[in-house]
Amino acid sequence: MGDVHKVIENCSECVALLGDYLEGSLPAERAAALEKHLSLCMPCITFVRTYKKTTVIAREVLAAEMPPVLVSSLQQFLKGQIPGFKCDGKSDCSGDAAEKAKLAKTKPDPKS
Ligand SMILES: [Zn+2]
């Protein structure tokens, strides 16, 4: 009985917890169990990757309305929360945002 909350028995439970996990509202014990499951269960690893893609798509849809700084911090948050989360290379979700800002300065600035 005692260990029941430390083990995630099935993938649907894992998926159900993922939202809370990403929000950081999952108790540490459950988060650890989720991470353990995610490190062992290939279907769930695949799901997390799909989930990541979903967030990228959502990001693209929202990009017009979300300030880039918020998008970037969201990506940073996800990178911290999901083991193995990686940028797709097209996103400026890592520290290279400053690099891109430099590159942007080489373009003609319509405001100047
Ligand atoms: Zn699983």
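Ala33, Leu34 and Leu38 are the buried residues of helix H2. Seen down the axis of H2, these buried residues fall within an arc of 135°, so they line one face of the helix. The face of H2 turned away from that buried side carries exposed residues, namely Ala28, Glu29, Ala32, Ser39 and Leu40. H2 itself covers residues 28-40, 13 residues in total, and reaches 18 Å from its first C-alpha to its last, close to the 18 Å expected at 1.5 Å a residue.

H2 has the highest confidence in the protein, at a mean pLDDT of 89, whereas helix H5 (residues 97-106) has the lowest, at 60. The protein averages a pLDDT of 71, and 55% of the residues score at least 70. Where pLDDT is low, the predicted coordinates should not be read in detail.

At Leu17, H1 bends by about 35°. Gly24 follows H1, and the phi of Gly24 is positive, near 80°.

The protein as a whole has five helices and zero strands, so that its elements run α-α-α-α-α from the N terminus on. Of its 112 residues, 8% count as buried. Among contacts between residues at least 6 apart in sequence, 45% join residues at least 24 apart.

Definitions and conventions:
Residues numbered from 1 in each chain as written. Predicted model: local features only at pLDDT ≥ 70, side-chain atom pairs only at ≥ 80, totals over all residues. Bend = angle between axes of the 7 residues up to and from the residue. Helix = DSSP H or I, 4+ residues; strand = E, 2+ residues; numbered from the N terminus. Expected span 1.5 Å × (residues − 1). Buried ≥ 20, exposed ≤ 12 C-beta atoms within 10 Å, placed from the backbone. Arc of directions from axis to C-beta. pLDDT = per-residue confidence, 0-100. Contact = placed C-beta atoms within 7 Å.
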